[in-house]
Amino acid sequence: MSYDKIEVPDSGQKIEVEDEENDEISVPDEPIIPIIHGDGIGTDVGPAAQRVLNAAAQATGREISWMRAYAGESARERYGEDVNLPDETVEAVREHRVAIKGPLTTPVGAGFRSLNVALRQTLDLFANVRPTYYLDGVPSPMKAPGEMNMVTFRENTEDVYAGIEWEHDTDEVEQVREFVEDEMGFDETMHDGPIGIGLKPISEKGSKRLVRRAIDYALEHDREKVTLVHKGNIMKFTEGQFGTWGMEVANEEYPDDEVFAAPDSLWEEQDEVDIPEDAVVIEERLADAMLQWMQLRTDEFDVLAMPNLNGDYLSDAAGAQIGGLGIAPGGNFGKARMLAEPVHGSAPKRAGQNMANPTALILSGRLMFDYLDWDEAADLLRDAVEETISAGKVTYDLERQLDDAEKLGTREYADEIIGNIEKLS
Ligand code: NAP
């Protein structure tokens, strides 16, 4: 495909699909990878992370051909005031299979829809994955932050995020109210007067593919347990059914000695259950209880798989235990495609000041390297970031929580990490 404003690199090859159903790609020696720096602090952390990723790739004998693509503010500047997400940006991410992006601003209330949600839905990136692990030297409110080593799988396409909702005092909302009260018989459930109504679709397809992805991840990465987190005691036919469908995947699609679905795990202690040695255990937990266990019994949890809203809350809460937004990486996965992006947003008040912490974007790049099977480069990134932080060289967000740390700008912090990459490789 030919592009208009996207900078197509002179060299490099496309990542190809090997087996879409089984999420297999074939990575060339010098893959072309689209990169969107993003809005706000994206203009600081985007270029800094790009340099660090280059250094880690090159130190391990790899090369990336970057393809600069635009969305948000940078797209409006180039394509016109109304163009927030150009078709060719979506096309570049679609065509090249693996991409990385910084944060994009979404105005609250009015204005355009979230570009992030649009990208995830258009490309059917159905699993949002956030590894949450502790790096030495990072300030944490926890007594034993090192116990945190979880990976959250959040369903990315449905639940209350599907966007099916109606505003109060519109004809549409009154039609829905009438249908629910008169036809479905919920005539004493909703309060009189203005009301907003939303739908919460949870499908077999959406639930099963997410849980399947979490189980496959656990098997590939030698994890011990996948916990399905939902609020099925209250929302039986949506959240509860998510759990039931998830357990069906475990029971029906994998041999018991590889993946063991714990019986009645919501209500029963599992001490007496005979679990096959080395099997990944699949269990269910209620979301409210899970929020406290995550803090009080951190080391008991491993991989979590959740519907969209639970995943949003729980992954942020998990991130807070190991240093917060400046550190927390993420990625969105579809079938044989991946879009790496940090958990944080565009933090407008910190934008353009060479202040923001690029770690979250750098570690999102680590997740991307992991997907490319560039294990050596992925490990080197983690080690170099950890070495930098534990030497007390950090950006403002961590420096204000530490006693003897040196505060660095975004660029200078990236330089330190690159220095450590060179030292460690
Ligand atoms: P935010 O941008 O994540 O920032 C909230 C606060 O977190 C910042 O003010 C800053 O705290 C801290 N922070 C975030 N990233 C940081 C970093 N890299 N380094 C250091 N500190 C960091 O959340 P928001 O203010 O709610 O959202 C702003 C915009 O971003 C909104 O338009 C929102 O829709 C969008 N957003 C986009 C994405 C995405 O692109 N995936 C995700 C979330 C939000 P201090 O002020 O204490 O320094």
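## Exercises on the ligand site, the cavity and a pocket

By class, the shell around the ligand in this predicted model is made up of nine nonpolar, eight polar and six charged residues.

**Exercise 1.** Work out which residues come nearest to the ligand, and which side chain places an N or O atom 2.9 Å from one of the ligand's oxygen atoms.

*Solution.* Begin with the residues around the ligand, of which there are 23, and note that Leu104, Thr106, Gly345, Ala347 and Tyr396 come nearest. Next, turn to polar contacts, for which a pair of N or O atoms must lie within 3.5 Å. The side chain of Arg350 has an N or O atom 2.9 Å from an oxygen atom of the ligand, a polar side-chain atom of Asn116 lies 3.0 Å from a ligand oxygen, and for an N or O atom in the side chain of Lys349 the distance to a ligand oxygen is 3.2 Å. Finally, consider the surface: the ligand taken alone exposes 880 Å², and the protein buries 71% of that area.

**Exercise 2.** Find how many cavities of 30 Å³ or more the model contains, and state which residues line the largest cavity.

*Solution.* The count comes to one cavity of 30 Å³ or more, and the volume of the largest cavity is about 30 Å³. Its lining consists of Glu155, Glu158, Asp159, Ile202, Ser207, Phe242, Pro307 and Asn308. Sorting this lining by class gives three nonpolar, two polar and three charged residues.

**Exercise 3.** Describe the second largest pocket by its volume, by the residues nearest its centre and by the domains that supply its lining.

*Solution.* First, take the volume, which for the second largest pocket is about 760 Å³. Of the 24 residues that line this pocket, Asn22, Asp23, Arg213, Glu220 and Tyr371 lie nearest its centre. The elements giving two or more residues to the lining are strand 2 (24–26), helix 6 (204–220) and helix 10 (359–371), and helix 6 gives the most, with seven residues. By class, the lining divides into eight nonpolar, two polar and 14 charged residues. Domain 1 and domain 2 each supply at least three residues to the lining of the second largest pocket.

Conventions: Residues are numbered from 1 along each chain as its sequence is written. This is a predicted model: local features need pLDDT of at least 70, side-chain atom pairs count only at pLDDT 80 or more; totals for chains, interfaces and linings use all residues. Side-chain values use heavy atoms; hydrogens and water are left out. A residue is near a molecule or strand if one of its heavy atoms lies within 4 Å of it. A polar contact is a pair of N or O atoms within 3.5 Å; within protein, one must be able to donate a hydrogen and the other to accept it, and residues adjacent in sequence count only if both atoms are side-chain atoms. Accessible areas come from the Shrake-Rupley method with a 1.4 Å probe; for residues, only the protein chains shown count as cover. Ala, Val, Leu, Ile, Met, Phe, Trp, Tyr, Cys and Pro count as nonpolar, Asp, Glu, Lys and Arg as charged, and the others, Gly among them, as polar. On a 1 Å grid over the protein atoms alone, a cavity is a set of points where a 1.4 Å probe fits but cannot get out, and a pocket is an open set with protein on both sides within 12 Å along at least five of seven lines; lining residues have an atom within 4 Å of a point. Grid points are joined across faces, edges and corners, and a volume is the space filled by probe spheres set on the points. Helices (H or I, at least four residues) and strands (E, at least two) are DSSP runs, numbered from the N terminus. Domain bounds come from an automatic or database domain assignment.
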